Amino acid sequence: MTSPTISRHARWGVPTLAVSAVVAGFALQPLLAAASAADLPETTPEQLVAQVLAADPQPLSGTVVYTADLGLPNIAALAGVAGLNSAMTSADPTNLLAGTSTLKVWTDADSRSRVTLQGGTSEFSVVHDATQAWTYSSHDQTVTHYTVDDPARLAELGQTEVPVPADLPTPPRAADDLLAELGQHSTLTLDATTTVAGRAAYQLVLTPKSTTTLVGRITVAIDGKTFSPLKVAVWSRDDAQNPAVELGFTDVTFATPSDQVLTWSTPAGAQVEEVVVPLPTDAEIAEAAAEAQDLAPTVTVSGTGWDQVVTITGLPVDELMGLPGTGPDRSAHRHPLPGLAQDYAQMPEEAPQIAQSLLAGLSTEVDGGRLISSSLVNVLLLDDGRVLVGAVPGDTLLAAAR
Amino acid sequence: MPAETGPTAEPTTGPTQTERWTPRRGATGRLLAAELRLVLGRRRNQVFVAGLGLVPALLGLMLYLTRDDPRTSEGPGFLTQATNNGVFLVVASLFMCLPFLLPLTVALATGDAVAGEASAGTLRYLLVLPVSRSRLLFAKAVGALALVAVAVGVVATVGLVVGAALFGLHDVVLLSGTTVPLAEGMLRVLGVVVYIGLSLTGLVVVGLFVSTLTEVPIAAMVATVVVAVVSTILDTLPALSAVHPYLLTHYWYGFAELLRLEVDWNTVGTGLGLQVAWVVVFGAFAWSRFTQSNISS
């Protein structure tokens, strides 16, 4: 029998050993994940871009994580204060501005795919199968079924949208065009190879030539085998440590997903809403194009390259600014995805007031309007109804407004 | 503390009565059996577990009576599913109990384990048993885990029975909207129950450690509940996102992965691995503390 008292060494040694073992375990985890050394053949940015453009879409399944850290005030807290609470669903749209969202994607690279937005204990699914699509919200068990009124017309539209030109642009040529365009305002370089979702990947870096833009650089990780993009990150000029916006796979398998994943069967007990999407006729398309022409003068672009400032006029800004204005009929502004809107926004009736208080929390008062300032993009809302947007500092926007 | 008052209520049977004691096989087994009898036979534990069993019963009844009310669909997760399929009443009940009632169960089990014995003056009788303190601590941990397992099991069983009676058992619709046969659905729900049970092991060991620090069982119980609640609160603070993956309660709701179309075993494994880490660290702390000779009784 052991004696009731244990030696002093063991008394201190065992907890120390336990703590160090656990710490070592956590520290080792990323090392194990990165164990597949990225030894990829040498390449040039030009070659890589051509290979990416030449690559076929790959059937895959994987987890995509989106992270945003735009340096905005804590919008989730603001929304909570404003009464816009979707805490229990925990997959809320404010995560797109600050926070993390997890998506799962499956695609056969042809006509069928499934994308799900993962909440803590909920899920929003979008299943697409050729001419049909379904959305399903686990939160309130509603299905929305989208169909087109004339599938034959869809094929026709697909035809007209991609006319076969006389000189078919081969991928290398398209790459040349793209590179030439990019080269005007940015420099394209290759960083050291990296590992994304356990796969060896090249890293393309796009650096703006302009020194006044807020965008520091954009990195794109390209899979070394399939030449599919695995991760895109946008870095602001201020923060070299963490990307402002990042979208990438944390786990990916390049194989056709199972039929169970890609097919949809409406579960028993779910509420189903049928939505038939009418396809435009040729006349309507022409009309829309004419309307777009009319709309064009309200959007003006000044500056070049990364320093472009887009000025939009004629938006109902005054309503947002808290000035008396005729609010648009909310029912007319139906969200294109009712399920998504209900599940993740749950807009109460007092939405305009909420938008106002959100805006007040997000923006700062400047001369002649309000400025929403983030680490990548600045938005200037002027009292006269103009909205200026650009990846430039707020002062540049103010100067452009004058 | 007067020696006469303590031990009568607590049946510390076995080795103490054996005059011709020699170490032999089966001693640990008898110690465990005695501890389980003690923990599961304690009247307040039985009453508490019975009270926990009322949660799914009341929840089911409430859902049954209000099933036509459109507001039901605005409840937190799994409530809506429960009205369509009794199987989900198990998940909904555990989901309701997880933030507070189950940590309270853990606190009840661990607070009594060491601090309770110390406060009642019975710990010294346990310590004079010719059983190593490591084994004694192990028996205490098993006893506490058993009570938690019984509590989770009771909630799940009552949930299933009440759910089946009120809403029937049907093929299970997963969070992804895919319908799987009832047998597979039941297996997944069983996985949820087991995952939730295992998710509490870290807190059990933390509670056991706290219990070795004090002679006041209430203090140990409160501290254990506070650990769970504070961990949950810290988990909601965005500024602390760097430490979130290491928080005791961070993966508690990972059980939802088992109800998705393709189970993300990564998350499930990470959640269970984190519990193992907490068990190892605080198990070592508790062992170190409990095996010290100057522990009070």
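**View 1. Confidence across the predicted complex.** The predictor assigns the complex an ipTM of 0.79 together with a pTM of 0.80. Chain B has a mean pLDDT of 86, with 87% of its residues at 70 or more, and within chain B the confidence runs from a mean of 80 in helix 3 (residues 79-84), where it is lowest, to 96 in helix 8 (residues 182-199), where it is highest. Residues 1-15 of chain B have a pLDDT below 50, although this stretch has 27 contacts in the model beyond near neighbours in sequence. Where pLDDT is low, the predicted coordinates should not be read in detail.

View 2. The average pLDDT of chain A is 76, and 73% of the residues score at least 70. Over residues 161-166 of chain A the pLDDT is below 50, and this stretch has zero contacts in the model beyond near neighbours in sequence. Residues 323-348 of chain A also stay under 50 in pLDDT, but for these residues the model has 35 contacts beyond four places in sequence.

**View 3. The bend in helix 5 of chain B.** Helix 5 (residues 101-120) of chain B bends by about 45 degrees at D112(B), and just after this helix G121(B) adopts a positive phi of about 80 degrees. Of the 20 residues of helix 5 of chain B, 17 are buried, so the helix is largely enclosed by the rest of the structure.

**View 4. The largest nonpolar core and the surroundings of V148(B).** The largest nonpolar core comprises 92 residues, of which V90(B), A92(B), L94(B), V148(B), V192(B) and V204(B) touch the most other members. Helix 7 (residues 133-167) of chain B gives the most to this core, contributing 18 residues. Leaving aside neighbours within four places in sequence, V148(B) is in contact with T105(B), V106(B) and A109(B), as well as with G197(B), L200(B) and V204(B).

**View 5. The side of chain B that touches chain A.** In the contact between the two chains, 34 residues of chain B meet 32 residues of chain A. Helix 3 and helix 11 (265-290) of chain B are the elements that give two or more residues to the side of chain B that touches chain A, and the largest share, seven residues, comes from helix 11 of chain B. By residue type, this side of chain B divides into 17 nonpolar, 14 polar and three charged residues.

Terms used: Residues numbered from 1 in each chain as written. Chains lettered and ligands numbered in written order. Predicted model: local features only at pLDDT ≥ 70, side-chain atom pairs only at ≥ 80, totals over all residues. pLDDT = per-residue confidence, 0-100. Helix = DSSP H or I, 4+ residues; strand = E, 2+ residues; numbered from the N terminus. Contact = placed C-beta atoms within 7 Å. Bend = angle between axes of the 7 residues up to and from the residue. Buried ≥ 20, exposed ≤ 12 C-beta atoms within 10 Å, placed from the backbone. Nonpolar A, V, L, I, M, F, W, Y, C, P; charged D, E, K, R; others polar. Core = buried A, V, L, I, M, F, W, Y, C linked by C-beta atoms within 7 Å.
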